[in-house]
Amino acid sequence: MTTQELYENIGGNYDSAKKILQMDRLIGKFVVKFLDEKSCDKLLAAKEAGDPAGMFEGAHALKGVSANLGFDRLSQMASDIAEEFRPGHTPSMSPEELDRRFAELKAQYERTIAGIREFAAG
């Protein structure tokens, strides 16, 4: 699988990643490092604990790293959650809406991780 095929499979933005990292070799290197990135785990643990500050921090970190790698769909999902828990922001999503958003983010994250593992396996 090529780097570009990986991005197509996971709904990423290859052109965005190419603008930042410029070479497929670098994109591939940093994409594989994403497997060790723990912000999504922290976000989901914070949700389980009912920790709004932790949810903001986890979502904000996931948004940033995902955006830098061109994982636009995942980045946008994380951004929506981060904004909901941004300090000083009055929450506007119902508990059901939040559960739905978290489920969608988790599914996209798992899709992204599965694609990266397939890419890394060669």
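Trainee: In this predicted model, which residues have the most contacts inside the largest nonpolar core?
Mentor: A nonpolar core is a set of buried Ala, Val, Leu, Ile, Met, Phe, Trp, Tyr and Cys residues joined through side-chain atoms within 4.5 Å, where buried means under 20% relative accessible area, exposed over 50%, and partly exposed in between, with a 1.4 Å probe and protein chains only. The largest core has 31 residues. Those with the most contacts inside this core are Tyr7, Phe34, Leu43, Leu62, Phe71 and Leu105.

Trainee: From which helix does the largest share of this core come?
Mentor: Helices here are DSSP runs of H or I with at least four residues, strands would be runs of E with at least two, and both are numbered from the N terminus. At least two core residues come from each of α1 (3-10), α2 (14-21), α3 (24-33), α4 (39-49), α5 (52-68), α6 (72-84) and α7 (95-121). The largest share amounts to 7 residues, and the helix that supplies it is α7.

Trainee: How are residues numbered, and what pLDDT do local features need?
Mentor: Residues are numbered from 1 along each chain as its sequence is written, and side-chain values use heavy atoms, with hydrogens and water left out. Because this is a predicted model, side-chain atom pairs count only at pLDDT 80 or more, totals for chains, interfaces and linings use all residues, and local features need a pLDDT of at least 70.

Trainee: How far apart are the ring centres of Tyr7 and Phe71?
Mentor: Rings of Phe, Tyr and Trp (for Trp, its six-membered ring) pair if their centres lie within 6.5 Å, and planes under 30 degrees apart count as stacked, over 60 as edge-to-face and the rest as tilted. The structure holds 4 such aromatic pairs. For Tyr7 and Phe71 the planes stand at 40°, so the pair is tilted, and the ring centres are separated by 5.7 Å.

Trainee: How many residues apart are the two members of that pair?
Mentor: Both Tyr7 and Phe71 are buried. Tyr7 belongs to helix α1, while Phe71 lies in the loop between α5 and α6, and the pair therefore links distant parts of the chain, with a separation of 64 residues.

Trainee: Which kind of pair do Phe34 and Phe71 form?
Mentor: Phe34 lies in the loop between α3 and α4 and Phe71 in the loop between α5 and α6, so this pair ties together parts that are 37 residues apart in sequence. Phe34 counts as buried at 2% relative accessibility, and Phe71 is buried with a relative accessible area of 2%. Their ring centres are 5.2 Å apart and their planes are at 80°, so the pair is edge-to-face.

Trainee: Which backbone oxygen does the side chain of Thr112 reach?
Mentor: Thr112 is found in helix α7 and counts as buried at 1% relative accessibility. Contact means heavy atoms within 4.5 Å, and, not counting residues up to four places away in sequence, Thr112 touches Ile10, Phe34, Phe71 and Leu74. At 2.8 Å, its side chain reaches the backbone oxygen of Gln108.

Trainee: Within what arc do the buried residues of α4 fall?
Mentor: The buried residues in α4 are Ser39, Cys40, Leu43 and Ala46. The arc is that of the directions from the helix axis to the C-beta atoms. Seen down the axis of α4, these buried residues line one face of the helix, because they fall within an arc of 125°.

Trainee: Which exposed residues does the opposite face of α4 carry?
Mentor: The buried residues of α4 pack against α5, α6 and α7. The face turned away from that buried side carries the exposed residues Glu48 and Ala49.

Trainee: What arc do the buried residues of α1 cover?
Mentor: In α1 the buried residues are Thr3, Leu6, Tyr7 and Ile10. They lie on the same side of α1, because around the axis they cover an arc of only 95°.

Trainee: Is Gln22 buried or exposed?
Mentor: Gln22 is placed in the loop between α2 and α3, and its phi is near 70°, a positive value in a residue other than glycine. At 56% relative accessibility, Gln22 counts as exposed.

Trainee: What distance separates the C-alpha atoms of Phe30 and Ala49?
Mentor: Phe30 lies in helix α3 and counts as partly exposed at 34% relative accessibility. Although Phe30 and Ala49 are 19 residues apart along the chain, their C-alpha atoms are separated by 30 Å.

Conventions
A polar contact is a pair of N or O atoms within 3.5 Å; within protein, one must be able to donate a hydrogen and the other to accept it, and residues adjacent in sequence count only if both atoms are side-chain atoms.
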